[in-house]
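Let's take a walk through this chain together, from its overall layout down to a few individual side chains. Please keep the model open as you read.

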Amino acid sequence: MENKEQKIINEQKMHNCDCNKARDEKISELEILKQSIEEKEKQVQDYYDQILRLKADFENYRRRSEKEKKDYLEWGKEKILLKQIGINDVLQQALKSAKSGNNVESIVLGLEMISKEFSKMLEEEDVEEIQCENFDPNICEALDYAESEEEDGKILEVYQKGYKMNGKLVRAAKVKVAKNNKDKMDDKK
């Protein structure tokens, strides 16, 4: 009987040992999971901190870019205004000359100086006059049509010059366009 009892006790010990072993394994797994969760929480917090810093850096960049853009626009305006002030000086001299004398030649000379100064300013700003002999709706605006011996679409008169800046249309030329009347003459015959 002792043997049976001993065997039962041994089995219980083994069973308890197995249970203890299983319990220890579960506790060990639980500890590993807790450590993993803690590491992931730290990682999440690090990512969150990085996002906050990136957001702040982006806001600073945006504000700085807007300020720089505003500064560049102001600088560009100032540059153009200085050129226009120079043209205004020439215009005032021409007016002074016109008021003081009856010399038409000096008035014409003053106007030519103003025109040259203004053309020089436009050239420095890469503004070029549109040159066109035939009507092109992409760069011209037809204000008037006139019957003419010229071919259809030929520009007869430029009312207002057109301009491009760096290849981009700034203002379309306003023109009078020829409408050929040969077809009407042929119909009458």
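This is a predicted model: local features need pLDDT of at least 70, side-chain atom pairs count only at pLDDT 80 or more; totals for chains, interfaces and linings use all residues.

Residues are numbered from 1 along each chain as its sequence is written, and side-chain values use heavy atoms, with hydrogens and water left out.

Begin with the layout. The chain holds three helices and six strands (DSSP runs numbered from the N terminus: H or I of at least four residues for helices, E of at least two for strands). Starting at the N terminus, their order is α-α-β-β-β-β-β-β-α. Among contacts (heavy atoms within 4.5 Å) with a separation of 6 or more, 58% join residues 24 or more positions apart.

Helix α1 spans residues 2-100 and contains E38, which is partly exposed at 48% relative accessibility.

Salt bridges come next: a side-chain nitrogen of Lys or Arg within 4 Å of a carboxyl oxygen of Asp or Glu. By this rule there are nine. One of them pairs E74 with K77, whose closest N and O atoms are 3.8 Å apart. Because these two sit three residues apart in helix α1, about one helical turn separates them. Elsewhere, E59, R62 and E66 form a network of salt bridges.

Which side chain meets K83 at 3.0 Å, N to O? That partner is E124, and the pair links distant parts of the chain, with E124 in helix α2 and K83 in helix α1, 41 residues apart. E125 also forms a salt bridge with K83, at 2.6 Å from N to O. Here E125 lies in the loop between α2 and β1, so its pairing with K83 of helix α1 ties together parts 42 residues apart in sequence.

Finally, look at the backbone. Most residues other than glycine have a negative phi. D126, although not a glycine, has a positive phi of about 60°; it belongs to the loop between α2 (104-124) and β1 (127-129) and is partly exposed at 46% relative accessibility. N166, also not a glycine, has a positive phi of about 55°. The loop between β4 (163-165) and β5 (168-171) holds N166, which is exposed with a relative accessible area of 58%.

Conventions:
Buried means under 20% relative accessible area, exposed over 50%, partly exposed in between (1.4 Å probe, protein chains only).
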